[in-house]
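User: Could you take a close look at one part of this model for me? I'd like one connected walk-through.

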Amino acid sequence: MSNDPKARYQHLLSPIKVGPMTLKHRATMSAHGMSLADRSGGVSERLHNYVVTRAQGGAAMLGTESAPIHQSTGNRFLNVRLYSDEVVPSLRKLSDAVHKADAKLSITLWHGGHNVSFIEGQAAVSSSPIPSITRETPRPITAAEIRELIAAYGEATRRCREAGLDAVEVQTATSYLLGSFLSPAMNHRTDAYGGSFENRTRIVREICEEVREAAGPDMAVGVRTSTSHHIPYAPVDYRLEESVAAMKILADGGLVDWVSVISGSRWSGHETIPPMNMRRNQLADEAKQFKAAFDVPVIVAGRIRSAADAEEMIASGCADIVAMARTWVAEPEWANKILEDREDMIRPCMSCNQACAGFVFRGIPGSCVLNPTAGREGELPLNPEPAATPKKIAVVGGGPAGMEAARVAAARGHRVTLYEAQGQLGGQMRLAAEAPHREEMREALTWWETELRQRQVEVKLGTEVASAADLDADEVVWALGADPGPTAVWRLRPWLHDGIPGSTGLPHGREVLRGEKTVSGNVLIIDEEGGWSAISLAETLAAQTDVSKVTVATTEVTWGEADLTFTRELPAITARIQAAGIEVVGGTVVEEVTSGSVKTRDGRMLGPFDVIVLATGTVAAAFPDGSNAVGDCLSPRGIWAATHDAAKLARTL
C-alpha cells in the first residue's frame, strides 16, 4: 500500500463542486446538536470555538447544529436562532473564521415540530396532533401558519447569506416538523398538505423554492432526509422508496444542490445516532439508491469512522461526500492527520453516545468521553500550552484518567512515568472493552497506548505504588480509580453501611470480569447500578459455556433504561438480553441474601442459585491528602469525568 495518503484515499481527498461552491475534499463535519449556544440566540463563544477548531482541523465544510427558523420552535435557549436579525453579527464572525481556515460553513434550517416541549412555554405545532415520544400532544399547524413558516425559511436564509455562509440545508429528516408532513403515518391532514404523496411533499417543495430564491446565486442549498423513519410495527411509514422519490422532485427541479441522508426518527433514535452495536457505514446500501436516482451530490452519514470507511463509501459509489458528526467531535484534526499521514494518532469515536448525545438529551452541553475538550475549547484548548518549566511527573493508575493525564502532561513537555498495578493499561474501561459487543472500545485503548508511546511516556506495568514518597517526581497524579463496593445500594437505602444483609463475601462483578473470581452454573446478578457495568457482566456470563443460566434482579423497572435511553442503546440491548436467554426480574429490591437465595422487598424468594454476584457500585480508592487526584478515586462518575479531570489538571502542572 502506498505511503501517500492522497494515493490511498484518492476519492476521499479529491475536491468536488457542489452548486456554486467547491469543497477542497469530500470529508465534512455533519451537523450534530451539541447545545453549545447561549441565551443570546446568537453564536456563543463556546460554539464559535468548537466549530473553528474543527475548521482548522481540516474539515472541508462545517455543518453547525440545527437552528430554529421561527419562534414557534425557538424556545430552546441552546440553539442559534435564525428568526432574528440579531444573529447576523455573531454568525458573520463565525463565517469569517471558518473561511480563514480554508473551509466552508453551512447551517441547518430547522423546525422541531412536535418534539418541542410545551413545558418550555408554548404548545408545539406539527402536521397533525401526533404525540411526541414524551407524550406531549401538539396542535396541527394551520394553512395561514404554513404560509408564515415558508416566509420564515426565506428570511432565515437571507440572514445566513448576509452573514457570509456558503450554504444552508433544509432539515426534513426524522420526525421534526417537515418530516411529519412527509410521513404517511404522522400526516393525517385532509387539506392540500396531506393525503397523497404529492400533497405530503408540497410544503417541502414550497419551502425549498423560497430558500432557493433567498439564497441567491452564490449560496448552495441542500436538503437532509431520513432513508426511513423506522416506526416500529407501522404498516405505513416514510420508507426508502418515498424518501428517494421526494428528494428526486427537489433535485430534478433544481431546488437543491445536494441531498444528505441519515436514518430514523424519534421512534428509532438508535438509527439516527447509531451506537457501537450497529455496523460501520450504516447506510451504504440505501445511499446507492439515492445516487442512482438523480445527479446532484449525495452526502451520507452514519457510523463512518475511519479514512478507510470514508474512502470505501465514495469509491464504491455509495456517496459523493461523507458527513461525520461524532467522528469530528472526538477528533477535531481528523482530516489534517490523514493528510499528514498521522492516521495512528486519530482519536477514535467509539459511538458510545455517552457525552455527545447523552449529555445533550440530559439538557447539558455535549462533549466526548475521549476528547473532553470538545465543546470546551475556550477552557481546555485542544493543544495545550508547553510548560514553562518541564518537570518529572508520576501518574499512578493506568485507566482513562491516568492515561489522559500522562498524555497531556507529556504533550506539554513534562517527563512522565505512568505506574499501573495490572499487567495492561485501561482499568475498568478494558473490562468493558473485553465484554461482548463492546469490542470497539479497544480502539480507544490502542489510541491512548500509541499516544503514550509517541510522547515517550515511560509505562511501568505490574507496579504498585504505596506512597508518593516512593517516587522520584516533582508532581504525582493519583488516578487509582475505584474498588467494588456497596455505593449503589446506598442510593435507595443509605442506612445499609455494609451493603445488603447477607452479601458479605459475595463476588463483585468487576472481580469476575477481571478473572479474580470464577462463577459457574445457575447465576444471579443483584444489580443496583444499572447501565453498562451490569449489562456487560450479564452478557459475559451468558457467553460462558460453564454458566447454565443468568438471572438479573435489578432495581430498574426496565433494565438499563436510566442510562441507555440517553445513549440510544436500549432497544438493541433489550433484544440481545432476550436472545441470550438472560432472565430479568425488574423493579426488584433485594432485602437479604440467605443460603443461595434472596428475599425481595415485596416478600418473594428468588433461588436457589449456585452463585450470586453483586453489581452494587464502586467506592473511590484512597489517595493521599492534598495530592493531585483525578477520576474515580475522587468520586466514581464515569469515563467523561475521568478524562475531563485529567485533561484539566494536566494543563496546570
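Is Asp257 buried or exposed, and what is its relative accessible area?

Analyst: A quick note on the ground rules: this is a predicted model, where local features need pLDDT of at least 70, side-chain atom pairs count only at pLDDT 80 or more, and totals for chains, interfaces and linings use all residues. Residues are numbered from 1 along each chain as its sequence is written, and side-chain values use heavy atoms, with hydrogens and water left out.

Now to your residue. Asp257 is buried, with a relative accessible area of 12%; buried means under 20%, exposed over 50% and partly exposed in between, using a 1.4 Å probe and protein chains only. Its side chain meets that of Arg212 in a salt bridge, at 3.0 Å from N to O. The term covers a side-chain nitrogen of Lys or Arg within 4 Å of a carboxyl oxygen of Asp or Glu. Asp257 sits in the loop between helix 8 and strand 10, while Arg212 belongs to helix 7 (residues 202–215), so the pair ties together parts 45 residues apart in sequence. Helices (H or I, at least four residues) and strands (E, at least two) are DSSP runs, numbered from the N terminus.

The buried residues of helix 10 (residues 284–293) are Ala284, Ala287, Phe290 and Ala293. They pack against helix 8 (240–252) and strand 10 (258–262), among others including helix 11 (307–315); contact here means heavy atoms within 4.5 Å.

Stepping back, the structure holds 41 salt bridges, and 61% of the 653 residues of the protein chain count as buried.
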